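Hi,

Here is the structure I promised to pass on to you.

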Amino acid sequence: METETATVDRQLTDLLTELTLEEKVQLLTGRDFWTTWPMEKIGLRRILVSDGPTGVRGEVWDERQPSMNFPSATAISSSWDPAIADRLGAASAVEARRKGVDVVLGPTINLHRSPLGGRHFEAFSEDPALTAELAAAYVSGVQRNGVGATPKHYIANDSETDRFTVDVRVEDRPLRELYLLAFEKAIVESKAWLVMSAYNSINGATATENELLETPLNSEWGFDGVVISDWTAVRSINSARYSQDLVMPGPEGPWGEALVAAVKAGEVEESSIDRKVLRILQLAARVGALQGFEGVGLQEADREDPIAFAREASAAGTVMVKNDGVLPLDPTAVKTVAVIGHNARYARTQGGGSATVVPEKIVTPLDAIQEVFGADKVTYSVGAVVQEGIAELPLERLQNPETGDPGLRVRFLDAQGNELATEDRRATALVWFGGDVPIEASSLVEFHTIFTPEQTETIRLGFSTVGNGRIFVDDVLRHEENIVPVGTDLGAAFLAPPSASVEIQTTAGVPLDVRVELDTSDRTGPLSNALSITIGIEPDDSDPDSLIGEAVEAAQAADVAVVVVGTNSRVESEGYDRTTLELPGLQDRLVHAVAAANPRTVIIVNSGAPVLLPWRNEVAATLIGYFGGQEFGHALTDILTGATEPGGRLPTTWPATQEDVPVINVTPDADGKLTYDEGIHIGYRAWLKAGTAPAYEFGYGLGYTDWTLDAVDGPANAAPDALVPLAVRLTNTGGRAGKNVVQVYAEKPDSAVDRPVRWLVASTPVWAQPGETVTAVLNVPTRLLAYWDNGWTYEPGDYTLSIGTSVTNLPQAVTVRLA
């Protein structure tokens, strides 16, 4: 009797035989930015893919079609909770189906090799085992609901500098034990339906023309899905000879007619084309895009309130690294709260780049603190300017001159001034990246609004984009400038372009007619039908001392000061790495001053990745909230008031100084090579090898209760490729319910090969009521004890399994002998 899998394979093969070579090749390149080609003759509709590591944007980047903005991957990983990652995957699938999306382009599971990596907010951890566990859970949550997940970027795309051309040189051991290990579980156990190949080269061959696409991905891990390229990552016909299946975006690309000709000339085997097409057809069947195949529907059990989940997940991933007893706060006992910091009012809830989504509403820390403590008890001071570049104009200050509604009118005009299209928008930060707006056919795009200033002052009104633009105020041309992109990274140039501005005198309540024109007639290249612009105000940092002075006065007069520090979109984004771990602007100086003025100063860190905290010993409490999603503010007040436990533990080491960081280089050499010469020693492994103490170690985090680790039971012997069960008993000795994370690290100091001082092999979150003793059961895969030497090699002998709550706090241990 034919199995279900065999039946599906036969049906797909039958459909394949109905296609001509030209039709088959057409299916291997996207139709546009976000969709694949439909083929009516075989019942194939388009497949819509969307960026989505922490929110699903959909086909258009449009505030009129908002998306859920979930916490960043670093916040999710700080929960150390696969159940949270699974629920994020499920919630993302529900969002995807709401927007008609078939494939989510996530999770991002590259490693935090260097803290300078500009895109770390989008990835999970510096540790491969923790990354693998969370990535697999996310993939399961997405695909259980009939939506494809796409682990990315395969492989060794761990930094952004020269990401299109860098050649990462990495030896087999770290490649297998670190970078590939992070992907393996999502493929082998969660059966990911897609994998995204990266821009970079690995050991001399680009990711899209690399044997790593076949081995280990297909031949060892059994991957049967689609390898989709990162956008424009496929550069030549040669990639068709490798296990690269789908070129994005379309419709242009290096395959097409050239690939048809190569097959006819015998340069590329048609069987290779057939394999790629069958994988795309199988993906279509899985997501319900192929007639006769229903796919999997949304699971009712996975439908939960996405806003409530976003709030819970943000709190679960918030890490408290210091508390002298000031927290939690009692709102009824606190008379006044001084809220300080640019990010308190303009919180960063996500990082920059292609993962960006447009949420319907963001709850900032200031919003939530006013809500919980009472607006009359809360003061606000900006303290220090964090913003760089243009900040969009507030919607409540804008009026569309055509409709009278809040917002602006956008017109697309041809060379004769004829109107090709119009849009009424509700934001002045606008992106067209896909969709059917006629950007390529336009010669000029006009943005028109009536802006009513709130204050009488001099502002710097301007725009951030690429191209020649003009700004008119009350029909008078005030400034014209041709803005050229900085650097060679298309993504950074598009999503974080330079700005131009002009001084404008405003009077409170007096409307200004603001019109910006952007010339678009000379747009060429892969982004010729895309457009990004922000119209707004550049920051005024002309008097930083007065800003700090005002914050200090507010802190002195308050019972407690809450200072929100953080990064901005010019610091953490796709397309470029950081050059420093320092907070931007004068935020460190601000915190020093506020902490000196009020001993009850609480710091909230609003960054997606590690930053330096030189004042950490001067403040009463510090919470690392990352990019906490659209419910960031509510999650923080839940923790500040003790309604919720700060559930996070650090998934990445936070250094005390940049000079201490043992692995930091992200810049290729003159030959374009970036050598991972640290081998298997990244993250906490490198810190332990160097013997340097960071500010806060891997796995560290505090809660509102106390714990003891009482005992560990486990077998004395283990076999290769098996599980070692450990039963860890621990007691909540404090006065309230709480969470802890049990962590297991392996050590083998007598190893015959180079080993880390210790390395993570298992972890699990636990919860207990006051006085309750619970038992956490963890299974340690002995595969994680093996090392790579042309295959997984199991070194016999004794291994110490140390158990505790961070990489250096390990009060319990057992010894297991590997046969």
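Below is what I found, starting with the whole chain and ending with a few single residues.

First, some ground rules. This is a predicted model, so local features need pLDDT of at least 70 and side-chain atom pairs count only at pLDDT 80 or more, while totals for chains, interfaces and linings use all residues. Residues are numbered from 1 along each chain as its sequence is written, and side-chain values use heavy atoms, with hydrogens and water left out.

The protein has 16 helices and 37 strands (DSSP runs, H or I of at least four residues for helices and E of at least two for strands, numbered from the N terminus). Its radius of gyration is 27 Å, close to the 28 Å from the globule rule for 819 residues, so the protein is as compact as a globular protein of that length. Here the radius is taken over C-alpha atoms, and the rule is 2.2 Å times the number of residues to the power 0.38. Along the principal axes, the C-alpha atoms fill a box of roughly 80 × 70 × 55 Å.

Of the 819 residues, 61% are buried (under 20% relative accessible area; exposed is over 50%, partly exposed is in between, with a 1.4 Å probe and protein chains only).

Now the inside. The largest nonpolar core holds 150 residues, and Y154, W231 and L801 touch the most other members. A core here is a set of buried Ala, Val, Leu, Ile, Met, Phe, Trp, Tyr and Cys residues joined through side-chain atoms within 4.5 Å. Helix α6 (residues 172-188) gives the most to this core, with nine residues. Leaving out residues up to four places away in sequence, W231 touches F33, W34 and L105, among others (contact means heavy atoms within 4.5 Å). There is also a second, separate core of 34 residues, including L583 and V591.

T232 has a positive phi, near 75°, although it isn't a glycine, and is partly exposed at 29% relative accessibility.

Finally, where is S521? It sits in the loop between β22 (512-519) and β23 (530-538). S521 is exposed, at 54% relative accessibility, yet touches S442 and S443. From S521 to L444 it's 77 residues in sequence and 6.9 Å in space, C-alpha to C-alpha.

Cheers
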